[in-house]
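Biologist: I'd like to learn how to read a few features of a protein model. Could you walk me through them?

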Amino acid sequence: MELRVLRYFLTVAREGNITRAAEILHMTQPTLSRQLAQLEDELNAQLLIRGKRHITLTEEGMRLRRRAEEIVELADRTEQEFALPHEVLSGNISIGSGEASCSEVLAELILSFRELHPMVSFDLYSGNADLLKERLDKGLIDIALLMEPVDVVRYDYLRLNHEEKWGALMRADDPRAQSACISRDELVTAPLMLSRRLLVQQEIASWLGAEADTLQVVSTHNLIANAARLVERGMGLAITVEGAVSLYDPKRFCFRPIFPPMITRSVMVWKKYQSFNPATTAFLEHIRRSLQAGEEQK
């Protein structure tokens, strides 16, 4: 299975049309069709359903698409690393981050690093901790900024000093928005929207003094943006950190911290024994120095 053919397959999957894909790839339609047929023979699976005007993927085709995207992305990253000039620090650093105010800390670190090394670029990926760890384990990102609770046994990590305050996202006209905070008793009986991560659900339930399966969970989500639309329609309260909703319209939404306070921190993690390009190695050292400087200023 050649990387070149996987790129052909992904182009066809994206365009949904053999003719358009062949034009993009600067090859003839019969040649492209032959390459795809050979790929199906090699995998002993039907990947495409060929209609008169449109191509659709079979179940096996969709599975290959996911794998091919990962393979091609990893191959491209490898080529980029070995193509870097040695005399000037350059290259690309891939970082995954969730929705939290710690992303502001990450932005400051990126900006200060770019001032020192303007030839370095960054590739940012958003997702919850489970998705970020999956991409980290597959080598698709170099570093992940994860919010606790998180299992860091398999990773090297740096814990950020920045604190994240948990609370409830609600409609601006919700009666509970009249108070400066929201109590545990109110949350135990309220319809809640929680992170899909089981560790987070268990942490919240434990803090509320309840079992996770006794809470009135009306939906789960991987990113708060998905839940916010349901909050606006009055479905319930979304439990999240304050930094995840800082850009939301205050005329439509209101965030109220939980009382007593529920505080967590974030960690910057990467795979143990990972061999990085010089730019990523230098960026991690930049983070260490910045965190140390912050500690010394206290």
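Modeller: Gladly! Let's begin with accessibility: a residue is buried under 20% relative accessible area, exposed over 50%, and partly exposed in between. Keep in mind that this is a predicted model.

Biologist: Then is Cys-181 buried, exposed or partly exposed?

Modeller: Cys-181 has 30% relative accessibility, so it counts as partly exposed. Cys-254, at 10%, counts as buried.

Biologist: How many disulfides does a search of the whole structure find?

Modeller: A disulfide needs two cysteine sulfur atoms within 2.5 Å. The search finds zero. For Cys-181, the closest cysteine sulfur belongs to Cys-254 and is 11 Å away, too far for a bond.

Biologist: Now helices. Which residues of α5 are buried?

Modeller: The general idea is that an α-helix has 3.6 residues a turn, so residues three or four places apart point the same way. Here, Cys-102, Leu-106, Leu-109, Ile-110 and Phe-113 are the buried ones in α5. Because they cover an arc of only 100° around the axis, they lie on the same side of α5. The face turned away from that buried side carries exposed Glu-108, Leu-111 and Glu-115.

Biologist: And what span does α5 reach from its first C-alpha to its last?

Modeller: Its 15 residues, 102–116, reach 22 Å, close to the expected 21 Å.

Biologist: Last one: in which sense do β8 and β9 pair, parallel or antiparallel?

Modeller: Strands β8 (residues 192–195) and β9 (residues 217–221) pair in the parallel sense, over four bridges. Leu-192, for instance, has Val-217 in β9 as its bridge partner.

Terms used. Residues numbered from 1 in each chain as written. Predicted model: local features only at pLDDT ≥ 70, side-chain atom pairs only at ≥ 80, totals over all residues. Heavy atoms only, no water. Buried < 20%, exposed > 50% of the residue type's maximum accessible area, 1.4 Å probe, protein only. Pairing = 2+ DSSP bridges. Helix = DSSP H or I, 4+ residues; strand = E, 2+ residues; numbered from the N terminus. Expected span 1.5 Å × (residues − 1). Arc of directions from axis to C-beta.
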